[in-house]
Amino acid sequence: MSVSGIDQTYLLQQLGGTSTKSTLSANLFSKMLFDEMKAGANSENAEAQADQDGFSGLLSDATKVNGEVLLNLLSLSIGGESLFSEALASLIGTDATSNPLGSSYAYGATNGTYSTSGIPAEPWKPVMPSLTSHAGNRSARQYAQVINQFDVEKNKRYAPCGDKTYCNIFVWDVTRAMGAEIPHYFNVKNGAPKAYGDSDANQMSANGMCNWLKKHGQDYGWHRVSASKAQSLANQGKPVVTAWKNNGGKGHVQMVCPSADGRYNAARGVTVAQAGSTLSRYTPITSIFKKSLPEVVYYAHS
């Protein structure tokens, strides 16, 4: 039996030669993936159908190598909470030498956690992440790795505390690692980024980031783009953010992350990683914004 032209034999071929612990585990994993695809194809749930389409599109792309297939399949499990996601993590996370994505992949090699080396728990302190990306070193894979290393869903740095949330800190951290810093500390007179501890440094909120991007962003390589362009550029590994200014309260900012199927889905919107009251390393923006979505602005770094 096949789903969208993909059968279990094909899945095994795509997974062959990876770091699966045994042929048995490869068979079990391919069956699990196949069953999930089948459930999505037969479901009336739009998200389940979209995930199935993503699985099918990714697996049918002959240009993908095994490691990239596994990385993108993992990102398709939104939130990383599903049995499918956990099974995949256990299969690719055996040890650093057998990881098909290489020892630099951010997903923990032995314990299924992300490395947070150089990422202090205190949100006001700057990060010194081990994984970075700069102009000339851009790809969807690299961008996903940079985002994943911050482990936004579990890292105490981003955990809500009372009425305090840290979407601005997460965007600061990721853009800093991408060589395109949207600062947390800045000079309020001219918008210039400042270092932690500078006497003339002011802290920037999410609304402040929205203002900074609009007023000063172009001076630092940021320019406004459409939602579809935002997803396209993120899929090329370029830093992209969303900005929603809330004149009546707290604003919100997010990272636009590479979509698992390499496409833009207008119905679901861009795919994002975010801190805030909801912590997610991969979700459609429509799961966060409802009526306010038309007010969201997108910026990309050249």
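1. Asp-151 is found in the loop that runs between H6 and H7; helices here are DSSP runs of H or I with at least four residues, strands are runs of E with at least two, and both are numbered from the N terminus. Its phi is positive, near 45 degrees, in a residue other than glycine. Because its relative accessibility is 11%, Asp-151 counts as buried (buried is under 20% relative accessible area, exposed is over 50%, and partly exposed is in between, with a 1.4 Å probe and protein chains only).

2. The model is predicted, so local features need pLDDT of at least 70 and side-chain atom pairs count only at pLDDT 80 or more, whereas totals for chains, interfaces and linings use all residues. Residues are numbered from 1 along each chain as its sequence is written, and side-chain values use heavy atoms, with hydrogens and water left out.

3. The chain as a whole contains nine helices and 10 strands. Of its 302 residues, 49% are buried. The accessible surface is about 13700 Å², and carbon and sulfur atoms account for 50% of it (Shrake-Rupley method, 1.4 Å probe; for residues, only the protein chains shown count as cover). Among contacts between residues at least 6 apart in sequence, 61% join residues at least 24 apart, a contact being heavy atoms within 4.5 Å.

4. After the helix comes Gly-179, with a positive phi near 70 degrees.

5. The largest nonpolar core comprises 54 residues, and Phe-150, Phe-170, Val-174 and Tyr-298 have the most contacts inside it. (Such a core is a set of buried Ala, Val, Leu, Ile, Met, Phe, Trp, Tyr and Cys residues joined through side-chain atoms within 4.5 Å.) H7 supplies the largest share of this core, seven residues.

6. The largest pocket has a volume of about 530 Å³. On a 1 Å grid over the protein atoms alone, a pocket is an open set of points with protein on both sides within 12 Å along at least five of seven lines, where a 1.4 Å probe fits; lining residues have an atom within 4 Å of a point. Grid points are joined across faces, edges and corners, and the volume is the space filled by probe spheres set on them. The lining has 27 residues, with Thr-165, Tyr-166, Cys-167, Asn-168 and Lys-250 nearest the centre of the pocket. Helices H7 and H8 (206–215) each give two or more residues to this lining, and H7 gives the most, three.

7. Helix H9 (residues 227–235) has Ala-227, Ala-230, Gln-231, Leu-233, Ala-234 and Asn-235 buried. These residues pack against helix H6 and strands E5, E6, E7, E8 and E10. Gly-237, which follows H9, has a positive phi near 90 degrees.

8. Arg-141 belongs to helix H6. It counts as partly exposed because its relative accessibility is 25%. Arg-141 and Asn-235 stand 94 residues apart in sequence, yet their C-alpha atoms are 8.9 Å apart in space.
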